[in-house]
Amino acid sequence: MKLKMLGLAMAALLTAGSASAESRLDTVKERGKLLCSGHNGSYLGFAEVDDQGNWKGLDIDLCRGLAASLFGQADGNLEIVPISWAQRWPALQSGDVDVIIKLSGWSQSRDTELNLAYSRPYFVASFHVMVNADLGAESVADLDGGSICVSAGTSTERFLAAYIEKLGIEAELIVFESGDEVRSAYFNGRCDGLTLLAPPLAAARAKSGNPEAHVILPDVIALEPEGIIVPEGDPKWLDVQNWMVSSLWFAELNGITQANVDEIRANPPSAQIGKFLGVTPGYGERLGLSDDWAYNLIKEIGNYAEVFDRNVGEPYGLPRAMNHLYTNGGVFYPLMVD
């Protein structure tokens, strides 16, 4: 009986300690700036640097949206920290970044061994291999005895290795640290094929100067759900990520855009949308945010369709496919605003 009581007391102490631990949300708010993951090169469509040194891309827009949700606007409240794929997890655990928004897939090893927590997927991507058209390859199996360029320390590398093993072929994987290096190696003839997620792979082909010289093979090596990643054991910070993503879908579903959000906020068509945009209280307080945080989010980056089209749809001609809302045959749907 005494041992049982001691166990209950220890459990209570552990629970109290966990509850009193400061959330990364509190840390970021106290600092007054969000440290969000960037890239150590250019990941086309998701994390790019333009000629003026400005960051852009779908992942970068989510960083901007998160900063606006926390502070009202991204300008002056956001720092993009360039990191490689392999640096992602140490940077998050050490506090060099507050959140990983870097097209990162949800895998069991990351979930269970690295103490990471994932948001709902904000993008579902397929992996493919691109080859020089002169090879005449029609599938990955035709690369038996050849070589394929891939980024080091990524799930892409593991998926490709497993797919090659499944096919029973011999193909050398040549790994590079940055996205720029892996693309340059392929286009300079260092390897026969290039493996990336479909969006940046199609973008690399489109920007190659001679798209017809390269063929994206039909093999779907794997599908990967991409989520926003925070340290495990921080439910407050994870809630913010989940509700930010859901709010982008809610805005799209209800026709709320960057251009009309002020008009809709001035005259909400329903009590639910009024609460969503902070006209009436409740949508922010539960998360530890201001009640108008979703308004600030949409005002900063628009709804999900706008973010997608601006970064990967219009510049690279990529279809949304399964990344549509459920109303258009996709897999995404917003959570209930109540």
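Mentor: What follows looks at one strand, its partners, and the spaces within the fold.

The model is a predicted one, in which local features need pLDDT of at least 70 and side-chain atom pairs count only at pLDDT 80 or more, while totals for chains, interfaces and linings use all residues. Residues are numbered from 1 along each chain as its sequence is written, and side-chain values use heavy atoms, with hydrogens and water left out.

Strand S7 has several pairings to follow, two strands being paired if DSSP finds at least two bridges between them. With strand S10 (residues 193-197), S7 pairs in the antiparallel sense over five bridges, and within that pairing Val129 has Thr195 as its bridge partner. Strand S12 (residues 223-231) also runs antiparallel to S7 and is joined to it by four bridges, with Ser126 standing opposite Leu223. Strand S11 (residues 214-216) is joined to S7 by three bridges, again antiparallel, and there Met130 is partnered by Ile216. As a general point, side chains in a regular strand alternate between the two faces of the sheet.

On a 1 Å grid over the protein atoms alone, a pocket is an open set of points with protein on both sides within 12 Å along at least five of seven lines, a cavity is a set where a 1.4 Å probe fits but cannot get out, and lining residues have an atom within 4 Å of a point. Grid points are joined across faces, edges and corners, and a volume is the space filled by probe spheres set on the points. The largest pocket has a volume of about 250 Å³, and of its 16 lining residues the closest to its centre are Ser126, Ala198, Pro199, Pro319 and Ala321. Two or more lining residues come from each of S7, helix H8 (198-206) and helix H13 (304-313), and S7 gives the largest share, four residues. By class, this lining has 13 nonpolar, two polar and one charged residues, where Ala, Val, Leu, Ile, Met, Phe, Trp, Tyr, Cys and Pro count as nonpolar, Asp, Glu, Lys and Arg as charged, and the others, Gly among them, as polar.

There are also two cavities of 30 Å³ or more. The largest cavity, of about 110 Å³, is lined by 16 residues, with Tyr43, Trp85, Leu103, Thr154 and Thr156 nearest its centre. Strand S10, the partner of S7 with five bridges, supplies at least two residues of that lining, as do strand S5 (100-105) and helix H6 (155-167). This lining divides into six nonpolar, seven polar and three charged residues.

For the whole chain, there are 13 helices and 12 strands, and 51% of the 338 residues count as buried. The C-alpha trace spans about 65 × 65 × 40 Å along its principal axes.

Technical notes:
Buried < 20%, exposed > 50% of the residue type's maximum accessible area, 1.4 Å probe, protein only.
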